[in-house]
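Subject: Structure handover

Hi,

Here is the structure for you to look over. My notes follow below it.

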Amino acid sequence: MSKKNPGLDFLEDPDALEGKLEDVGDYFQQNKNIVLGILGGIVLLVVGFFGYRYYISTQDETAQVEMFPSLYQLEADSLKKALNGDGRNPGLLAVADNYGSTPGGNLAEFYAGLGLLKEGKYDEAIDHLKSFSSSDLLVQARAYALTGDAYMEKKSFDEAADYYRKAADYKPNKFFSPGYLLKLGVAYEQAKQNDKAIAAYNEIIEKYSQSAEAPTAKKYKSVLEAAVGES
């Protein structure tokens, strides 16, 4: 005969169940404020979570609408209007500043960085491009490469190489990685790091031999090796 589990008496004995319920009721009466406070806190957390998601969603829609005209202006090289607005639309800088926590505001950081780079405002471009973050295959690597371009314009070749390497290593693929590696090699050459430059060109030749950049990489490598041999 199996032993009865005393912890389950209330499932079989109505009187035991009634006693359990009375115990729960007594506990609630004695600790009502604590229990209600805990329940209220849970409700506030749940409401706050869904409220925040709704707020971000509506803010993102606004950011997308306000950013849209600026993208046309950016494509048309109307950089000042794209960045600062045209009187009707706020411009990319304002969208990035006002809606930075939304996906639309985040994307505005990228486009603002691109526009500032075209304007020659390299430090500001770097700030905005570094503020951008995405898991997208194309755009994040492009942001790294643009940051590298800004550093190249500033003649900060070591920093440029760091960002070209990030671009090349971000979800490597045969379509874009060879171009980033070619820029990496050039940055290393400018930084007088010839061994690393040759390694970058070799990476293109070995991993992306069918790419459009492969012949250029072979040429750059050959010229560099000749120059190193003569020095």
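Along the sequence the protein runs α-α-α-α-α-α-α-α-α-α-α-α. That is twelve helices and zero strands. Helices (H or I, at least four residues) and strands (E, at least two) are DSSP runs, numbered from the N terminus. This is a predicted model: local features need pLDDT of at least 70, side-chain atom pairs count only at pLDDT 80 or more, and totals for chains, interfaces and linings use all residues. Residues are numbered from 1 along each chain as its sequence is written, and side-chain values use heavy atoms, with hydrogens and water left out.

Of the 231 residues in the protein, 34% are buried. Buried means under 20% relative accessible area, exposed over 50%, and partly exposed in between (1.4 Å probe, protein chains only). Take contacts between residues at least 6 apart in sequence: 46% of them join residues at least 24 apart. Contact means heavy atoms within 4.5 Å.

Aromatic pairs

There are six aromatic pairs in the structure. Rings of Phe, Tyr and Trp (its six-membered ring) pair if their centres lie within 6.5 Å; planes under 30 degrees apart count as stacked, over 60 as edge-to-face and the rest as tilted. Phe-110 and Phe-132 have ring centres 5.4 Å apart and planes at 50 degrees, so this pair is tilted. The pair links distant parts of the chain, 22 residues apart. Phe-110 sits in helix α6 (residues 103–119), and Phe-132 in the loop between α7 (122–131) and α8 (139–153). Both Phe-110 and Phe-132 are buried.

Tyr-144 and Tyr-163 also form a tilted pair, with ring centres 6.3 Å apart and planes at 50 degrees. Tyr-144 is in helix α8 and Tyr-163 in helix α9 (residues 157–169), so the pair ties together parts 19 residues apart in sequence. Tyr-144 is partly exposed, at 22% relative accessible area. Tyr-163 counts as buried, at 14%. Ring pairs join Tyr-144, Tyr-151, Tyr-163 and Tyr-170 into a cluster.

Helix packing

Helix α8 packs with helix α10 (residues 177–190) at an angle of about 25 degrees, the axes 11 Å apart. Axes are lines fitted to C-alpha atoms, for helices over the stretch in contact, and angles run from 0 to 180 degrees between N-to-C directions. The angle makes α8 roughly parallel to α10 (under 35 degrees is roughly parallel, over 145 roughly antiparallel, 65 to 115 roughly perpendicular, the rest oblique). From α8, the contact uses Ala-141, Arg-142, Ala-145, Asp-149 and Met-152. From α10, it uses Tyr-180, Lys-183, Val-186, Ala-187 and Gln-190. The residues of this contact divide into six nonpolar, one polar and three charged. Ala, Val, Leu, Ile, Met, Phe, Trp, Tyr, Cys and Pro count as nonpolar, Asp, Glu, Lys and Arg as charged, and the others, Gly among them, as polar.

In α7, Ala-125, Ile-126, His-128 and Leu-129 are buried. The buried residues of α7 pack against α5 (92–98), α6 and α8.

Ser-177 lies in helix α10 and is buried, with a relative accessible area of 1%. Leaving out neighbours within four places in sequence, Ser-177 contacts Ala-168, Pro-172 and Tyr-208.

Ser-211 is in the loop between α11 (194–207) and α12 (214–230). Ser-211 is buried too, at 13% relative accessible area. Not counting residues up to four places away in sequence, Ser-211 touches Pro-178 and Ile-204.

Best wishes
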